[in-house]
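Subject: Structure handover

Hello,

Here is the structure I said I would pass on. My notes on its salt bridges and one of its sheets follow below.

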Amino acid sequence: MGDTRRLRQNFVVLAPYLGVGFLVGVAILLAGSGVLLGTALAISGHLPSVEALYTPPSEATRIYAANGDLIASLYQENRANIPLSQIPRTFQRAVIDTEDAGFYRHHGISLRGVLRASFRNVRERGLAEGGSTITQQLARNLFLTNEKALSRKIAEMLLAVQIERRLTKDEILERYLNQVYFGQGAYGVEAAAEVYFGKPAQDLTLPESALLAGLIRAPSYDSPYDRPDRAMARRAEVLQRMVELGDITPVQMRAAQLAPIQLVEKGNAGFIGIRAPWFVSYILPPLLQRYGEDVLYKGGLRIYTTLDLAWQAQAEAVLKAGIDRADHDKLNVHQGAMIVLDPQTGAIRAMIGGYDYRASQFNRAWQARRQPGSAFKPFTYATALLRGIPFTTMLQDAPISYTLTDGTTWEPKNFDNKWYGWVTMRFALENSLNAATIRLEERVDPENIVALAHRLGIESALQPTPSLTLGSSDVTLLEMASAYGVFASGGVRAAPMAILKVTDSKGNVLQDNVPQRTVVLSPEVAYMMADLLKGNVRRGTGAAANLGIPQGGKTGTTDDYRNAWFIGFTPTIVTGVWVGNDDNSAMKKVTGGGLPAQIWAAFMKPVTDTMPKTDWPRPAGVVEAVTCATTGLLAAPDCPDPHPELFIKGTEPTTYDQSHGTSSPSGAAGPSAASAAGQMAAGQAAAVASSPASSLPLTVTAPQNGSQVSAPFLVKGATRPGAAVHVAVQVKAGFLNVRVADADAPVDASGNFAYLVNPTVKPAGATLTIVVSAAAGQDTASTAVSVQEQ
């Protein structure tokens, strides 16, 4: 009895709107079936509550770039709700004229539409036409399915009457226009305007409005992407209908019909409008963890990010172009990654995780851990600076070997398979010398390097082995770029940041991020490292990245050419580039100074062209001194290779190099053998002038100063019997400036000594500086001669 009573009540409500025609049509459709009463009873007893009218519908989350441009929408239903006042009247009328011309006159159900649909359905023996009003469509969209069944149709009409009793016509229209499906994953006019035309709904033109209104009936069939001719024809139908109902003039119709369809590029209906998939894939995990899937995909969040869309597009283009060029040259390079950061704030300005996101979604910018090769070396040199070791410290670049735990021997070599003898720290880094840097690592202790690298931003596990400084531990590109950012920012570590702010759909702030900055290096050490890495770009392995502006950088290449890196920076940008292969196969002689440096320069050139070319300001704690390259001591007037060098105050040399035959300026006293050794690395023997007060005799009898020699040749001389004699020989020819000998010479009972000089490099015309020092107890002496190779 209860079901029958509800049925009677609902039909009493419905009857005034239906008329006899509808009842006749229904009776004809169900004649002989005997299901009318059962269908009506079932519907009446299970109508959903219309309270959902007041529940905000699900809404897509929008992700925006730093300038406010839309990057992507995340949704289960791509929707953005807007008030009716922001929907152009031409669009409103286009929809009403096409879908329900009597919308503002009926009470939810159109008698004419019902009769037309009923008799057509009878004629075609099925449900060929629905005859639904806008209110009925809203009821179906909110509460029902699209099933073509009489039961659904009756429920739709019953619900439409209830909706009309609760809402005004404008409220119904607003809800409908925010709910209806337009194809391409777009629900509601705001999403549709963005998906098809890349603009907000309030900017829709008449031709665009007519096109979207025409999609409602059959969005797939009339798709302007898949069937542009059909979409144009449907648009013409809408415009003609608007003329018939007096909403536009024939002149307006003809102008709109002639307008071409200007669509944005077709997107993936599951991820509409995405313009930076690598970046979006990076920010999704923390967003999901914080807000949950339901809120993220249905809650209409507004996510404001640090991304620069122009830089993102530029980075993607140059990376692809570089890999394509390598493929053309058959270099076996198939993947790459780029990251661009603001070192002052940590803001991620661009992120490219691979060659093609559609082919592989693995993000190599932050998910891939690879050996960085020599790009790791700056952390060793920064550790040395922190321990007061200046760049003039001499390092021995000569063969070195280690016995590994499995019994094999590891003998690291330089990339060019050459040895450079005694060189300064600066020369070793600029030319990426391996053995020299390993010796520096031993001096500063690899555990200290690990600690500093972690402090700078390397989060991956690092093994404190002799190969650490050569980049044997796997790291990510994002970690490396972030760590280099400390050198660019004056010693401040700014944690990578991608999300600036998150709000709900009403604008309430849920998350407001600020840069996380921590001082991890003194300004002096950071400045010194930036200056050191300038040299790698100007004179060293990173020359292909040289833009002629204040910039620093370092190359990295791993064994067998499996990874190639370049990390470079200016005071305002840090950019990292990696190339390689997912299967870890070797590339064909691709080095960090080649393809990665070229890609880096191709990106940075247009980016920096519009920026001020500001340099890093020198801190007060950094001083400059002119040193002699052969010893690292202050250059006397006759130094053949004076070189300005920077020092952290307190580590600069205080004595002059007197190895070239003159006294130091202003009568400055020369250093003792012990103080000279202190100016050199790890107490290594150094050739310096003897103190005027020394009573130790020392003479060099051959070769004569200024003479020409042909190696091999003997260095001969005499000193006090029992004294120790040390001979150091430096060769300089053009860009070449290496130490070729550094050894003790035998002294006989009479005090005579002789040492055979046989350098591995013998360039014609080279200048050889021979420094001979002697020590006996507290007495020391030093002298030097300069000769020329024939």
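A salt bridge here is a side-chain nitrogen of Lys or Arg within 4 Å of a carboxyl oxygen of Asp or Glu. The model is predicted, and a search of the whole structure gives 25 salt bridges.

Among them is the pair Arg369 and Glu479, at 4.0 Å from N to O. This pair links distant parts of the chain, 110 residues apart: Arg369 is in the loop between strand S7 (348-352) and helix H14 (377-386), and Glu479 is in helix H18 (residues 477-488). Arg369 is partly exposed at 46% relative accessibility, whereas Glu479 is buried at 6%.

Arg426 and Glu430 form another salt bridge, at 3.8 Å from N to O. Both residues belong to helix H15 (residues 425-430) and sit 4 residues apart, about one turn of the helix. Arg426 is buried, with 6% relative accessibility, and Glu430 is buried too, with 5%.

Asp779 and Arg720 also pair, with their closest N and O atoms 3.4 Å apart.

Strands S1 (residues 61-64) and S5 (residues 302-305) run parallel and are joined by 3 bridges; Ile63 has Ile303 in S5 as its bridge partner.

Regards

Methods: Residues numbered from 1 in each chain as written. Predicted model: local features only at pLDDT ≥ 70, side-chain atom pairs only at ≥ 80, totals over all residues. Heavy atoms only, no water. Pairing = 2+ DSSP bridges. Helix = DSSP H or I, 4+ residues; strand = E, 2+ residues; numbered from the N terminus. Buried < 20%, exposed > 50% of the residue type's maximum accessible area, 1.4 Å probe, protein only.
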